[in-house]
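User: I have a model open and would like to go through it with you. Can we start with the surface and work inwards?

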Amino acid sequence: MVAEIDQSACIEMRQISKSFPGVKALDSVDFKLYPGEVHALLGENGAGKSTLIKILTGALERSTGDIWVDHNKCDFRTTGDAQSAGISTVYQEVNLIPAMSVTKNLTLEKISGRFGYVSWRKARTMAREKLKRLNVDIDIEQPVGSYSVAIQQLVAIARALDDDTKVLVLDEPTASLDAQETANLFAIINDLKSKGIAVVFITHFLDQVYAISDRITVLRNGKKVGTDLATNISRKDLIAMMIGRELGDVEAAFSTKGTGATGETVLQANQLGKKRTLDGFDLELKAGEAVGLAGLLGSGRTEMCKLIFGAIKADTGNLVVFGNSTNRTNPRNSLDLGIAFCPEDRKSEGLVGELSIRENIIISMQSKQGWLKPISRKEQERIADEMIASLGIATPDADKPVGQLSGGNQQKVVLARALASSPKILLLDEPTRGIDVGAHAEILTLIRKLCEQGLALLVASSELDEVVASSDRVVVLRDRAKIGELQAGSITRDNIIQMIAGTDNV
Amino acid sequence: MSKKYLPLAATIAVFLAIFLIGGANYNNFLTTRVLGNILADNSFIIIAAIGATFVILSGGIDLSIGSMIGFVGVCMAVLDSMGWNPVATALVMLVFGILFGALQGYIIDFCNIQPFIVTLAGLFLLRGMCFMVTLDSVPIRHDWVADYASWKIGLPGKGVLRSSAIVMLVSLVVAIYIAHFTRFGSAVYAIGGDRESARLMGVNVRRTTVKIYALGGFYSALAGVVYALYTSSGYPLAGSTLELSAIAAVVLGGTLLTGGVGMVAGTLFGGMILGLISTLIIFNGSLNSAWILISSGVLLFAFIVMHRFLVSSFDLKGAK
């Protein structure tokens, strides 16, 4: 028996699931939206925010579940269906055509006379009206691409708002706006709210969540963690909801701390940083220790790894590796210095799915050695078999394409490749993302094992408990800056959350 | 002047420059008679190029143009020898062009295959069908063809607009209307500018893609009709590699091969530049006709490079 539809909700989504090959992006998520509210949708990368929104707006089809709009069951097949039901969206990647004029962008598919005739006089009038609603005054004949991102954002919102718009979805609208532009946007959102329009607001800036939203829903790993009034959720609770996954027994059992007996300093960053990417930070890594990087999405975790590796070029500070100041021009130099990096996104940055395990492991060794000195097939097989054995990669042989392995095993191949070049310093960005619980524990065990072998590790993770469990020290990041460090003994969930939330907020 | 007219202005400037160079070097070059001849001699290329403009604006390509011209030509000729009225044949062939183009468009979108390979298949298929219809050059003898050939509109000076030029100019006006004053036209630019954004903005990408290639097929078939009437014959090898000239005319006319930027009017001047170059070299008399292709090639290079800079000058702060 299905429960009653909530009569006051303008949107009700129930038991929404979405599967992609090999991944469950959304798992039985419920979501309700009331007229005149700003509803923040929060979660880390891959939590399922964008998937949920795309299902609501007809850009993706759900696998299971039901959607009601104004108490009518709806089945959106295209974005057009959702738009005619009054749901308008501004996607994260500003969806406009840069080379077309503002007028055309505002009126595309929205204006048409007999035989598809478009009167540009009418179109211009319509465009001006739409912009006037948001108090934007620009030359509407210029191409949209010639304006700043902030203006483009407003044009996209103006386009999304029709007379009959009931719901406006804003996916990361403030990601590339400065403070003043954000304030303008919020004024506009409040104005829309007073007109009874429901706004779904996706962001990773917590200050903005509290500044504008009435209610908050948090997603994690495709599941809903909870929904509540913004005034009922403290900042600490909110952070805990987003990243504070409880470790399972299996994983907890594996997470034995290192002895604390660490070796000499192998890497030292002095005010290393890049404008608009990450403020200059100091960091010391010692042989045989694992340092955790904690912080929310967008706090600069990945950026710190990439700065150290040289994948992002620093414009301030310097890096000392094994006592020598480095002067790198590209990431290859880092490999030569003994620094290896396992990127966050295995598929797009880490592995070549069609190539075999052996080829993926050898690829960076080979490029380090130069293509003129090929590694013999025999040597390749020896290295690959050794890695498969020591990391416990579950595969019948080394020639299986990496794309056919499970997420956890793929991650091990990434590790194997980094380790094949025998690094002294290993940077791991989200080593456990998207892998199942068992593999999770194995990766954590591997991290400890590598420490014991004398490697220095820097492990960035959005899983707080994972950081707590696997680190000898924790570096905490917030808003693209390092805000502190926790030493062994004081590393607890609460301390980290407290630090991220800032002491002035409870 | 808005920056979007810069490439068009550049094309017109190059056209005028070449025309003036010709006028400075040869007597009787700078006349409406030469202009009228260029329009008539190149009308079928320009008509085909107008259709190709829509395809290229949407980010696609159509390689079946030349074969379509050949196929339409042999059908016109063979049906003429069977006693059909040329007007009726022409209408049948135009409908065929629309259907064939629509089919290509549907395959491209439905199966998500590159337009290059789908229309390459179309190229082979239609050319093969030409040889199935006839292996010989077949004349078109119907009286109406002579009537058609005699239509003309006088230009100031001694020049005339002949029937093929008239058909070409009319189809150009229609194309400009479609591109710039219809919902479909805006959708073409949107798909070429950013296909995924266009989809999210509510453009029906499939229906539009089918229409784009149908329109391309219509214009190729029309080019075939004009060519057949202009030469009063059908020949199974006619129109070979003409698709490449059409693409060159579109690019010279200021349309970006990546889609989304360009104007239909530019294609007229792009085609005329190609015609002007060959006229110039014919006027010279002593130059090998190889120079027609060589100078077209050099000009094409120069244009692509120039575009790179023109386009990046108003490009596009939001693009990542």
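Analyst: A term for the surface comes first: a patch is made of residues with over 30% relative accessible area and no salt bridge, and nonpolar side chains are joined into one within 5 Å. Keep in mind that this is a predicted model.

User: Which residues form the nonpolar patch on the surface?

Analyst: The patch consists of B:L103, B:I107, B:I113, B:F116 and B:I117, and together they have about 420 Å² of accessible area.

User: Where is B:I117 found, and what is its relative accessible area?

Analyst: B:I117 sits in helix α6 of chain B. Its relative accessible area is 44%, so B:I117 is partly exposed.

User: Switching to rings. How many aromatic pairs does the structure hold?

Analyst: There are 19 aromatic pairs over all chains. Take B:F218 and B:Y219: their ring centres are 5.5 Å apart and the planes are at 85°, so this pair is edge-to-face. The cut-off behind that is over 60 degrees between the planes. B:F218 is partly exposed at 25% relative accessible area, while B:Y219 is buried at 1%.

User: Which residues form the aromatic cluster in chain B?

Analyst: B:F15, B:F19, B:Y26, B:F29, B:F269 and B:F283 form one cluster.

User: And what lies over the face of B:Y189?

Analyst: That is A:K104, at 4.5 Å from the ring centre.

User: On to strand β3 of chain A. Is it enclosed or open, and why?

Analyst: Strand β3 (residues 38-42) is largely enclosed by the rest of the structure, because five of its five residues are buried. A:V38, A:A40 and A:L42 point one way, and A:H39 and A:L41 point the other way. In a regular strand, side chains alternate between the two faces of the sheet.

User: What does β3(A) pair with?

Analyst: β3(A) pairs in the parallel sense with β8 (residues 198-202) of chain A over four bridges, and A:L41 stands opposite A:I202 there. β3(A) also pairs with β9 (residues 215-220) of chain A, again parallel and over four bridges. On that side A:H39 stands opposite A:R215.

User: What is the strand order in the open sheet of four strands?

Analyst: The order is β12-β11-β14-β15 in chain A, with antiparallel pairing. β12 (278-286) and β15 (324-325) are the edge strands, each pairing on one side only. Two bridges join β14 (residues 316-321) to β15(A), and A:V320 has A:S325 as its bridge partner.

User: Which residues of helix α1 in chain A are buried?

Analyst: They are A:K49, A:T51, A:L52, A:I53, A:I55 and A:L56. That is six of the eight residues of α1 (residues 49-56), so the helix is largely enclosed by the rest of the structure. A:G58 follows α1(A) and has a positive phi, near 85°.

User: Last topic, salt bridges. How many are there over all chains?

Analyst: A search of the whole structure finds 30. One of them joins A:R14 and A:E12 at 2.9 Å, N to O, and both residues are buried.

User: Where do A:R358 and A:D399 lie?

Analyst: These two form a salt bridge, with the closest N and O atoms 3.2 Å apart. A:R358 lies in helix α13 (residues 357-369) and A:D399 in the loop between α14 (377-391) and α15 (407-420) of chain A, so the pair ties together parts 41 residues apart in sequence. A:R358 is buried at 6% relative accessibility, whereas A:D399 is partly exposed at 39%.

Terms used: Residues numbered from 1 in each chain as written. Chains lettered and ligands numbered in written order. Predicted model: local features only at pLDDT ≥ 70, side-chain atom pairs only at ≥ 80, totals over all residues. Heavy atoms only, no water. Phe/Tyr/Trp six-rings, centres within 6.5 Å; stacked < 30°, edge-to-face > 60°. Buried < 20%, exposed > 50% of the residue type's maximum accessible area, 1.4 Å probe, protein only. Lys NZ or Arg CZ within 6 Å of the ring centre and 35° of its normal. Patch = residues over 30% accessible without salt bridge, like charges linked within 9 Å, V, L, I, M, F, W, Y side chains within 5 Å. Areas by Shrake-Rupley, 256 points an atom, 1.4 Å probe, with all protein chains shown as cover. Salt bridge = Lys/Arg side-chain N within 4 Å of Asp/Glu carboxyl O. Pairing = 2+ DSSP bridges.
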